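User: Could you walk me through how to read a protein model? I would like to begin with its core.

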Amino acid sequence: MPLDYQKELTPVLYGDSAVKILDETIMPPNRLCFSTHWHERMELLLVLSGSLSVHIGDNKLAAEKNRVIIIPPGRPHTGSSGKDGVRYRTVMFDVTAFYNSAVATEKYLKPIANQQTDFVPVTDNKAIVELLHSIINEQTSKDAVFSLVVIGKTYELLGLLYRYCLSENPAAAAYDERLRNVIDYIEEHFCESLSTYDLSRMFGYSEAYFCRRFKSVTGLTPVMYIQILRLEKAQRMIRKTDLKISEISSACGFSDISYFSRCFKKQFGITPSEYASFAKRP
């Protein structure tokens, strides 16, 4: 499950076609293109030259010219340019904007939005590459009816993704019932003393497999996931209560206030006391 602090908060204005296409991104060799984040929209990155390396969850992949990186909703991802730099275009849209009364919405679109369907992360399928170029050209043409044409092509794009890029093992990226139960348990008890050993025993995993599986789904180790949940709660408590920092630290599962302060600053770039002063400023 992605975490609040990684969520991209900048709103996206899609316009009449419900599709947003960013200007061409050009990056020199071995540079960070985007830091770890996630969003509720679908995103496709079309590489025009060079190469783009991306981490999606626990998977690292690289795409060269005329390859497409597929980023479904809710997946933490980060990317950097390869040794020769990179040029790429980003096509993004909110799948829910394409819902209608057709059966296909229930069968194909909602599973994407609900993160129940997974696609292979990279494709060089010619039809998909050509269609993305066509969508980009149509969107930038500003023809009188371009928005309607782009909407139609986006439905076609989703169909091609299902036809050619559906993961052979979609369950690997989706939550299995047992892991979903673990995550639910953590979210109810994260301020308590929790260890990977206890969690794995409680839900019938070997500890090593549990840690690998958990990271493949969330992009984080169980320990880091728990710590970030605690820090996010502490941030909310600082903002919304008048409790002392030491009281908040203890309430969120930290036994050492100095350690809590170090973790808070590392996560948010500011100490708890500084955040309290900032958050409660009139």
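Analyst: Happy to. A nonpolar core is a set of buried nonpolar residues such as Val, Leu, Ile, Met and Phe, joined through side-chain atoms within 4.5 Å. Keep in mind that this is a predicted model.

User: What is the general idea behind looking for one?

Analyst: In soluble globular proteins, nonpolar side chains tend to be buried together. Here the largest nonpolar core has 30 residues, and Met42, Leu44, Phe93, Leu157 and Leu161 touch the most other members. At least two residues of this core come from each of β1 (19–21), β4 (42–56), β6 (68–71), β7 (77–93), α1 (103–113), α2 (126–141) and α3 (146–165).

User: Which element supplies the largest share of this core?

Analyst: That is α3, with 8 residues. Apart from this core lies another one, of 17 residues, including Leu194, Val217, Leu220 and Ile226.

User: Which residues is Phe93 in contact with, leaving aside its neighbours within four places in sequence?

Analyst: The contacts of Phe93 are Tyr14, Ala18, Val19, Arg41, Met42, Leu44, Phe98, Thr154, Leu157 and Leu158. For the protein as a whole, take the contacts with a separation of 6 or more: 73% of them join residues 24 or more positions apart.

User: How do I read the packing of two helices?

Analyst: Start with the angle between the axes: 65 to 115 degrees counts as roughly perpendicular. For α1 and α3 the angle is about 85°, and their axes are 11 Å apart. These two helices are therefore roughly perpendicular to each other.

User: Which residues of α1 and α3 meet there?

Analyst: From α1 come Lys107, Tyr108, Leu109, Pro111 and Ile112, which meet Tyr155, Leu158 and Tyr162 of α3. By type, this contact of α1 with α3 has 7 nonpolar residues, no polar ones and 1 charged.

User: And what should I look for in the backbone?

Analyst: Most residues other than glycine have a negative phi. Ala18 is not a glycine, yet has a positive phi of about 65°. Asn66, also not a glycine, has a positive phi of about 65°.

User: Where are Ala18 and Asn66?

Analyst: Ala18 sits in the segment before β1, while Asn66 is in the loop between β5 (59–64) and β6.

User: Are they buried or exposed?

Analyst: The cut-off for buried is under 20% relative accessible area. Ala18, at 16% relative accessibility, therefore counts as buried. Asn66, at 37%, counts as partly exposed.

Notes: Residues numbered from 1 in each chain as written. Predicted model: local features only at pLDDT ≥ 70, side-chain atom pairs only at ≥ 80, totals over all residues. Heavy atoms only, no water. Buried < 20%, exposed > 50% of the residue type's maximum accessible area, 1.4 Å probe, protein only. Helix = DSSP H or I, 4+ residues; strand = E, 2+ residues; numbered from the N terminus. Contact = heavy atoms within 4.5 Å. Axes fitted to C-alpha atoms, helices over the stretch in contact; angles between N-to-C directions. Parallel < 35°, antiparallel > 145°, perpendicular 65-115°, else oblique. Nonpolar A, V, L, I, M, F, W, Y, C, P; charged D, E, K, R; others polar.
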